[in-house]
Structure formats: structure tokens, C-alpha cells
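Below is a brief report on one structure. It covers an annotated site, a sheet and a nonpolar core.

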Amino acid sequence: MAFTQAPLPFDFNALEPYGMKGETFEYHYGKHHKAYADNLNKLTDGTELADKSLEEVIQISFKDSSKVGIFNNAAQVWNHTFFWNSLKPAGGGAPTGALAAKIDQDFGSFDKFKEEFSNAAATQFGSGWAWLIDDGGTLKVIKTPNAENPLAHGKKALLTLDVWEHAYYIDYRNARPAFIKNFLDQLVNWEFAAANFAA
């Protein structure tokens, strides 16, 4: 069973009015994400991992230091698919319903959540990710380096922001904080996060 690259949930140019150029997705989805999927298939072809789910491959390879290359590529396939779904045209704003109430409960306010999330994304040294997670019934903001993700640690991801430089360099050059602000203001797909929270 080959691992496939999930379709982008919007057209390459759909986010241009909201601060992300089509060119970004030509490279980020069309080259970076595709390369992770291609590499994962090469690394697992003919092995016992070839017939596992992507999630199983991530969890198995994370615990085995001899499979670090497999983990990096598998996790990046999963992370990117999750990130694309964390974005939507005319997104941003605030969540509603049960997720909004839980954010207020666990962070104190939505503004406090935004502050924590922005800080995690801005202070992740080098490449990595900022996440909103459900950790055993409590919402938390975490950051992970490189390909690492909450799934590898048995936590439930609700939302993510990719802070690898290639995620924002075409649109924002080296201004990561502007990229983070735009994500929260115009791009967050709160419906996706709420569906993950409810699952």
C-alpha cells in the first residue's frame, strides 16, 4: 500500500486575498510535501511498515532510533495534511460553541490563548510547529521541533501552524511574527479544530 499525498483542500490561489500566494503552495505543497510522501514510500517499500497506516508508522518509527528517517518523512506527510486543513479562505476570528468555552476555561480567555500560541510559534527555534492540543481533557499550546508532532506522544492535535521557513518565506521573508498574526487573523479554520475537539 503506497502512502499518498492528500489533496490540498483549496486551490493554490485561494488564500491569495488572505496573505498567502499561490506560489507558496506550488513549492510547499507541490514540492516539499510531495517529497516527504515520495521519500516515505521509498523508505518503507518492501518492509513491514508498508502496510501500516500513516499514524501507525509515525508511532512505531518515533520509538525506534534506527527509523528516524522514516519517522521524519511520515510525520511530515501527516503534519502537512493537518496544516492544510488548519487553513481556510476567510478564516481567522474566534471559535464558537464547545471549543470556545473550553479555550476560555483552560487559557482564561481567547486573547490569552492567542498570546500563548503566538509566543510558541515565534519562539520555536529553527524549524518546527506550534499546536493547539487536547492533552487528556485539557487544552494546551505546545511547540515541536522539526517533524515531531503530538501524535508521536499520544496527544490529540486540534490545530497547527507550520513555522518552517519555507512555510512563510515567499510571503513574509524572515518576518515570522507577521505570518503568525496573519494566520490567526485571516486563516485559522476553527471548524476543523472544533471537529477534532469533538472527535
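Where is the place of H80? H80 sits in helix 3; helices (H or I, at least four residues) and strands (E, at least two) are DSSP runs, numbered from the N terminus.

This is a predicted model, in which local features need pLDDT of at least 70, side-chain atom pairs count only at pLDDT 80 or more, and totals for chains, interfaces and linings use all residues. Residues are numbered from 1 along each chain as its sequence is written, and side-chain values use heavy atoms, with hydrogens and water left out.

**The annotated site**

An unreviewed UniProt entry carries the annotation "binding site" for H28, H80, D162 and H166. Such annotations may be inferred rather than shown by experiment. The four are spread over 139 residues of sequence, yet they cluster in space, with a largest C-alpha distance of 12.2 Å.

Two of these residues are set out here. Buried means under 20% relative accessible area, exposed over 50%, partly exposed in between (1.4 Å probe, protein chains only). Contact means heavy atoms within 4.5 Å.

| Residue | Relative accessibility | Contacts, leaving aside neighbours within four places in sequence |
|---|---|---|
| H80 | 0%, buried | H28, H33, Y36, W129, D162 and H166 |
| D162 | 0%, buried | H28, H80, F83, G128, W129, A167 and F179 |

D162 belongs to strand 3. Its bridge partner is W129.

An open sheet is formed by 3 strands in the order 2-1-3, with antiparallel pairing. Two strands pair if DSSP finds at least two bridges between them. Strand 2 (138–145) and strand 3 (156–162) each have a single partner strand and stand at the edges, so one side of each lacks a neighbour in the sheet. From one strand to the next, the twist averages 20°. Strand 1 (residues 128–135) pairs with strand 3 over 6 bridges. Helix 4 (residues 97–107) packs on the sheet and touches strand 1, strand 2 and strand 3. Its direction makes about 80° with that of strand 2; axes are lines fitted to C-alpha atoms, for helices over the stretch in contact, and angles run from 0 to 180 degrees between N-to-C directions.

**The core**

A nonpolar core is a set of buried Ala, Val, Leu, Ile, Met, Phe, Trp, Tyr and Cys residues joined through side-chain atoms within 4.5 Å. The largest one has 60 residues. L87, I103, F113, L132, L161, F183 and W190 touch the most other members. Helix 3 (residues 68–85) gives the largest share, 9 residues. Domain 1 (20–86) and domain 2 (97–198) each supply at least three residues; the bounds come from an automatic or database domain assignment. Beyond four places in sequence, F113 contacts I103, F107, L132, V141 and W190.
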